[in-house]
Amino acid sequence: MGTFVHLHTHSHYSFLQALPKVDELVEAVKKQGMDALALTDAGNLHGAIEFYKEATKAGIKPIIGVDAWLAPRSRHDRLQGEKRSRIVLLCENMEGYKNLMQLVTLSFIEGFHERPRMDREIVKQYAKGLIALIPSFSGDVAQLLSAGDSHGAAAALSEHQSMFGAHNVFLEISHHPGVPGHTEKMKKIVEMSHTSDVPLVAQHDVYYLSPEDRYACTVLRRIQQGERGYNEEEDFSFASEKQMREWFSDIPDAVERSGEIADRCFVELTLGNWIFPEVPKDEGKTYDDMLRERADAGLLTRNMERTKEVDERISYELSVIKDKGFAPYFLVVSDLL
């Protein structure tokens, strides 16, 4: 594509953090003449399918991602006041999409503490097919640079490269001169890019569409936080390509790189069909036979009397399942009950 693409974008599925609905984001992309967009909601994939449908219908290339939280140590730790970091993960291919679903699931089931959190153990396990952007505000590299720990920042960046691969990690830079210390931090990130050979990508972390929406977003965040938030006077609206090129005129490659990353991402979803796992079958039995056995065993497990009414109901339900061809999949469900 060779042009600017928003790769760090939040919709209203970033609950109490961002304003735009998915269709509004897609419409904004069309109005700007852009042909791709990434949706990276905070910690979740709730909007992924809606986004995929809306973008595809509009002729916009959908890039599915997540703005994830990383636990400082293990996802199993539950420490009050821990300093979490963020990482933007983009699906490069179907393997990446499946891995991202697994990571998000584990972040809720195993890692939830105030926020759904991943840790380096599972990220390393499910890193294939994913592209990582290290955020300019709350990525661990940016946090360590702000703390004056350049060696720690370099070590963290090297760790990301070992997890995702050297060609799949990018340092994000952004333009927020109104945020205290942000300009100096961006200079340090640019320097780190030069010394580490990790490419820069220019982004504008989007939480609302128009600068006039800032106050509404501020109210939303105060509802979540219960107090005044950080950087409330700064602009996090949907920046145009023209604006991005003006802001980063000294490093245009960082703007172009967003399009190069978008070119690499391709996930094609098959929607509207049932997709079930492979179900093993006992030798000499049909799936319907096995499901009947499970139903009979369920009566014993629940100490239910086998009355005529119960038997007729079971027979009716099994006949419906048989007609639909769903017996193998109800066997899977029965294992979970």
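Q: In which hand does α11 pass α12?
A: In this predicted model, α11 passes α12 in a right-handed crossing.

Q: What else describes two packed helices?
A: In general, the angle between the axes and the distance between the axes describe such a pair. Here helix α11 (residues 287-301) and helix α12 (residues 308-324) pack at an angle of about 150°, and their axes are 11 Å apart. Angles over 145 degrees count as roughly antiparallel, so α11 and α12 are roughly antiparallel to each other.

Q: Which residues of α11 meet α12?
A: From α11 come Asp288, Leu291, Arg292, Ala295 and Leu299. In α12 they meet Val310, Asp311, Ile314, Ser315, Leu318, Ile321 and Lys322. Sorted by class, this contact has 7 nonpolar, 1 polar and 4 charged residues.

Q: Which residues touch the most other members of the largest nonpolar core?
A: That core has 63 residues, and Leu89, Met118, Val141, Phe164, Leu171 and Ile173 touch the most other members. Leaving out residues up to four places away in sequence, Phe164 touches Ile87, Leu89, Val123, Ala127, Leu130, Ala132 and Val169. Another core lies apart from the largest one; its 14 residues include Val5, Leu7, Ile131 and Phe170.

Q: How many helices and strands does the protein have, and what share of its residues is buried?
A: The protein has 13 helices and 7 strands. Of its 337 residues, 47% count as buried. Among contacts with a separation of 6 or more, 77% are between residues 24 or more positions apart.

Conventions
Residues are numbered from 1 along each chain as its sequence is written. This is a predicted model: local features need pLDDT of at least 70, side-chain atom pairs count only at pLDDT 80 or more; totals for chains, interfaces and linings use all residues. Side-chain values use heavy atoms; hydrogens and water are left out. A nonpolar core is a set of buried Ala, Val, Leu, Ile, Met, Phe, Trp, Tyr and Cys residues joined through side-chain atoms within 4.5 Å. Buried means under 20% relative accessible area, exposed over 50%, partly exposed in between (1.4 Å probe, protein chains only). Contact means heavy atoms within 4.5 Å. Axes are lines fitted to C-alpha atoms, for helices over the stretch in contact, and angles run from 0 to 180 degrees between N-to-C directions. Helices (H or I, at least four residues) and strands (E, at least two) are DSSP runs, numbered from the N terminus. Angles under 35 degrees count as roughly parallel, over 145 as roughly antiparallel, 65 to 115 as roughly perpendicular and the rest as oblique. A crossing is left-handed if the near helix is turned anticlockwise from the far one by less than a right angle, and right-handed if clockwise. Ala, Val, Leu, Ile, Met, Phe, Trp, Tyr, Cys and Pro count as nonpolar, Asp, Glu, Lys and Arg as charged, and the others, Gly among them, as polar.
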